[in-house]
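Here are my notes on this one, written as numbered points. Keep the model open beside you and look up each residue as you read.

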Amino acid sequence: MTAPVSRGGSVSSGLTTTSPAAPAIGDLVVCLTWERAGAGVPTHTLQTNFVEIISHAHDDGSTDGRLSCAYKIATSAGATSYQPYTTSGSGTVYTGCIVFAISTFDVASLPTSAGNTQTNNVAPNPPSVTGLTGDFVVFS
């Protein structure tokens, strides 16, 4: 299989984002929700019809947060509103999505996801993800 073909993406403030106008029924919609909170890591609750890829907490005791990623297969064409998660927090939230064209992806072969948190001013060294052979999209 060749590399996934992107139909575009979007980012919105809040828990909901709207896909670009190009998606078709059967496309893969990957949504990412980031929440920055104060002290205390928020909980993201996955919504019906989404499949979670990863939900990763950042906990340094003062500016905590969570990044969660889920996908679903589009059931309608065109610009559609998506809300992959609800939250227990009251921090600043952004949700975005990227849409991959039907027949250019295989969700059955998604590798294991891994996350990493660094609590100082140095970028984290990403953890290893095994099983990456062929064409994959990597979010980092």
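1. Start with Tyr94, which is partly exposed at a relative accessible area of 42%. (Buried is under 20% relative accessible area, exposed is over 50%, and partly exposed is in between, with a 1.4 Å probe and protein chains only.) Tyr94 sits in strand β9. Together with Val11, Trp34 and Leu67, Tyr94 forms a nonpolar patch on the surface, and the four have about 400 Å² of accessible area together. (A patch takes residues with over 30% relative accessible area and no salt bridge; nonpolar side chains are joined within 5 Å, like charges within 9 Å. A salt bridge puts a side-chain nitrogen of Lys or Arg within 4 Å of a carboxyl oxygen of Asp or Glu. Areas come from the Shrake-Rupley method with a 1.4 Å probe, and for residues only the protein chains shown count as cover.)

2. A word on what you're looking at: this is a predicted model, where local features need pLDDT of at least 70 and side-chain atom pairs count only at pLDDT 80 or more, while totals for chains, interfaces and linings use all residues. Residues are numbered from 1 along each chain as its sequence is written, and side-chain values use heavy atoms, with hydrogens and water left out.

3. Now the overall build. The chain has zero helices and nine strands. (Both are DSSP runs numbered from the N terminus: H or I of at least four residues for helices, E of at least two for strands.) Of its 140 residues, 29% count as buried. The chain exposes about 7700 Å², and carbon and sulfur atoms supply 53% of that. Take the contacts (heavy atoms within 4.5 Å) between residues at least 6 apart in sequence: 75% of them join residues at least 24 apart.

4. Which residues make up the largest nonpolar core? There are nine: Val29, Cys31, Phe50, Ala70, Ala74, Tyr82, Tyr85, Cys97 and Val99. Strands β3 (28–36) and β9 (92–100) each give at least two residues to this core. Apart from it lies another core, with six residues, including Leu28, Cys69, Phe100 and Phe105. (A nonpolar core is a set of buried Ala, Val, Leu, Ile, Met, Phe, Trp, Tyr and Cys residues joined through side-chain atoms within 4.5 Å.) In soluble globular proteins, nonpolar side chains tend to be buried together.

5. Skipping neighbours within four places in sequence, Cys31 contacts several residues, among them Phe50, Ala70, Tyr82 and Cys97.

6. Is Asp27 buried or exposed? Asp27 is buried, at 0% relative accessible area, and lies in the loop between β2 (17–18) and β3. Its side chain makes a polar contact of 2.5 Å with that of Arg7. (That's a pair of N or O atoms within 3.5 Å; within protein, one must be able to donate a hydrogen and the other to accept it, and residues adjacent in sequence count only if both atoms are side-chain atoms.) Beyond four places in sequence, Asp27 also touches others, including Lys72, Val99 and Phe105.

7. Asn49 isn't a glycine, yet has a positive phi of about 75°; Asn49 is in the loop between β4 (44–46) and β5 and is exposed at 58%. Ser103, also not a glycine, has a positive phi of about 70°. Ser103 belongs to the segment after β9 and is exposed at 62% relative accessibility.
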